[in-house]
Structures are given as structure tokens and as C-alpha cells.
Amino acid sequence: MSNSTLASGDSEDLEALFDSIVMANSAQSPAQETPTNRPEPSTAPPPATEAGEGSLFSQIGHLTRKLHDTLRELGYDKKLEQTVEAMPDTRERLAYIAAMTQQAAERALTATEIAQPIQEKLEAGAMTLSAKWQHLFDNKLSPAEFKQLAEETRDYLKEVPAQTRATNAQLMEIMMAQDFQDLTGQVIKKVTEMAQQMERDMLQLLLATTPADKKTEIDTGLLNGPVINAAGRTDVVTSQDQVDDLLESLGF
Amino acid sequence: MKFLIVDDFSTMRRILRNLLKELEFTNADEAEDGVVALSKLRNGKFDFVVSDWNMPNMTGLELLRNIRADAMLKHLPVLMVTAEAKKENIIEAAKAGASGYVVKPFTAAVLEEKLNKIFEKMEKQ
């Protein structure tokens, strides 16, 4: 694959821009060795008021040019392009997950809010009747009151199935709301694969562009958070025993 | 009537199992992919298969083709319940001999309707 011949209009423009900046600055830099005393550095591009800044700018320009060429030589410009193209897709997928989970949460909450009053009504009715029946067993009810209690109880029981059915419908709704997990699960898997691919590409790119003397440097930061995967790592502890052993070996 | 629910997501298997229970089909078993499903189908008496499409090891479509190619199983009704919603998918499934096709996310009413349709067809045969 000859990436250089495939250069689109875009890259040509970019190249031209790179060249013009690099050329302009390498031409300017000797002239700007002498400090110019302009009170208002309002004119935009590099306010090279101090010696060296111009050449620094030029160096950055050269470095960028070099990086650009290296990337193209190695074919990474295409990879980066693919990565950039993959981003909107990933963003859409993540937005889909956010929408689905929110919808599910709302469905479950709505169903709960509908079911709760039904349950409360059933409970209140049962408690009222139960108290009245206790009165009956305490011989505190007249025959007329007993007759009324019997009717109330019959009405209550007649109503119960409709209410339990209504509650059950809401429980089913809560259950159906969980169907997002299957759909978002599939999408998350795709996004994870994308992230892994991107990580691999970035790592290759990093390895290809890092100067040799920097390659041995490792991350020595102290705020790495919990160890997600300790397998194959010798620089982390995996148990309190190991923590204690290490401290002991250090004389603490 | 004994159902086999095939889906790689346990939540979806539970949802389907509960929906079937609600429709008074209480006898159901589960499989997490086509391979497990096929071996369960060959070793037990099942009357109905409800299967996802996108699964590891063996997809729902491959499972369907295997069922239709197996003299002992080819009569089994297979309802596809899947997130694959492209026309090509539906045509492919129909060609392979699917008895019905439900696109996720679906409602309990849709599942019941598709099941009833399949039962009606079975009675006619």
C-alpha cells in the first residue's frame, strides 16, 4: 500500500501548511535573534520577543514534520484515520447504552410507583377488617354490625384478585425493563473491542515513535488506583500477606 | 409442553422463562449457546425452541439449520428472538426454516401473539 500516492486533497493541504510554517520560521529565526521591543504583542503568530523562541517554534515545526512523515511511512496515518472514524460510531453506541439504561431505570421506577399504592390499599383494607374481626371475637359487635362486617369482607375479597393482577402486571413491567441488559451487553462488547484495538494501535504508534533512550522508562506514578488484573505482574501485591511481607523485608 | 430457551445472556433467558411462565408454560430449560442447545435437544424431549441469534460457539441460525437437518428434530418449532433486525437477517432465518421471528426489545404481548400463530400453524398440520 503506497500511502504517499493515496494522499487526499486534505493531506496535501496539510503538507503545504507544514512546509510553509517550517520554511517561514527557519527563514525568520536568524533575524529574530535580536529582541524587538514591541509593547503590544497583539499580532498573532509566534510573539518571538525573546531569543530562541523562534528557533524553538521552528524545532517544533520540524518535529511535527518528522512525526508526520514517520507516521505516513509506517502507515499509521491510515490507522489514525480509522481510529478517528471509529470514534463517532463508538460515541453513538455509548449514547445508545446511556439511553437504554435510563429508559430501563425509568420504566422500573414508574412501575414501582404504580404498584406501591395498590399494595398499600390492600394492606390498609386488610388491617381495618382484621381490627373489626378482632372486635367480633371480643364480643363487642352487635348483630347488625356483624352483618355489615361480613359484607365489607366479601367486598374486600372480591376486589383482591384485580389488585394483585394489577401489581403483577407492574412486576412483569419491571422484569421486561431488564431486557436492556442483553442489548447494551452486545453493544458494550463491540465498544470494548474497539477500545482494545485502539489501545493496540496507539501502543504500536508509541513504540514506533518513542526515542530509544526513553523506551526503558516506566510509569512510576503512585496514584494508579486498584489493580484490575494482577496476572503476570511482579510490581503489585495481591494480598495483605504480601503487603506485610514486603514491609517486614524493609524493616518495618 | 417443554420449551428450550437459548440465549447467551442470562437476564434474557430469565425474562423469557418468566414470560413463558406467565403464559402458563412452566416447563422450560435453558442453554447459553447453539452447541449446548443442540446437545440438550438431542438428549431430552423438547416441544419448542426459542432462540437468540448472536451467540458464541454456535449462532441461532446455525442451530436452526442443524435442527432442520436432523431427522429427529426437524419438526420442532423454532422461534427466533433476536436483536438482529436487518431485513437480510429475517429473510435468512425464514429461508433456514424459522417458525417465527421476534425483534428485541419486544413486549410480552408480541411474544404471546407469535407463539399463538405458531401453535395455530402446528394444529393445521
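The following dialogue explains how to read several features of a predicted model.

Biologist: How are residues and chains labelled, and which pLDDT limits apply?

Modeller: Residues are numbered from 1 along each chain as its sequence is written, while chains are lettered from A and ligands numbered from 1 in the order in which they are written. The model is predicted: local features need pLDDT of at least 70, side-chain atom pairs count only at pLDDT 80 or more, and totals for chains, interfaces and linings use all residues.

Biologist: How many helices and strands does chain A have?

Modeller: Helices (H or I, at least four residues) and strands (E, at least two) are DSSP runs, numbered from the N terminus. Chain A has six helices and zero strands.

Biologist: What span should helix 3 of chain A have?

Modeller: The expected span is 1.5 Å times one less than the number of residues. Helix 3 of chain A (residues 76-137) has 62 residues and should therefore span 92 Å; its end C-alpha atoms lie 88 Å apart, which agrees.

Biologist: Where does helix 3 of chain A have a kink?

Modeller: A bend is the angle between axes fitted to the seven residues ending at a residue and the seven starting there. In helix 3 of chain A, a kink of about 25 degrees lies at M87(A), shortly before the proline P88(A).

Biologist: Which residues of helix 3 of chain A are buried?

Modeller: A residue is buried if 20 or more other C-beta atoms, placed from the backbone, lie within 10 Å of its own. In helix 3 of chain A, the buried residues are Y76(A), D77(A), A104(A) and A111(A). Buried residues make up 6% of the 252 residues in chain A.

Biologist: How many residues of chain B are in contact with chain A?

Modeller: Two residues are in contact if their C-beta atoms, placed from the backbone, lie within 7 Å. Here, 12 residues of chain B contact 10 residues of chain A. Helix 1 (residues 10-22) of chain B supplies the largest share of the chain B side, five residues.

Biologist: What is the order of the strands in the sheet of chain B?

Modeller: Two strands pair if DSSP finds at least two bridges between them. The open sheet of chain B has five strands in the order 2-1-3-4-5, with parallel pairing. Strand 2 (28-31) and strand 5 (100-103) of chain B stand at the edges, each with a single partner strand, so one side of each is left without a neighbour in the sheet.

Biologist: Over how many bridges do strand 1 and strand 2 of chain B pair?

Modeller: Strand 1 (residues 3-6) of chain B pairs with strand 2 of chain B over four bridges, in the parallel sense. The bridge partner of I5(B) in strand 2 of chain B is E30(B).

Key
Buried ≥ 20, exposed ≤ 12 C-beta atoms within 10 Å, placed from the backbone.
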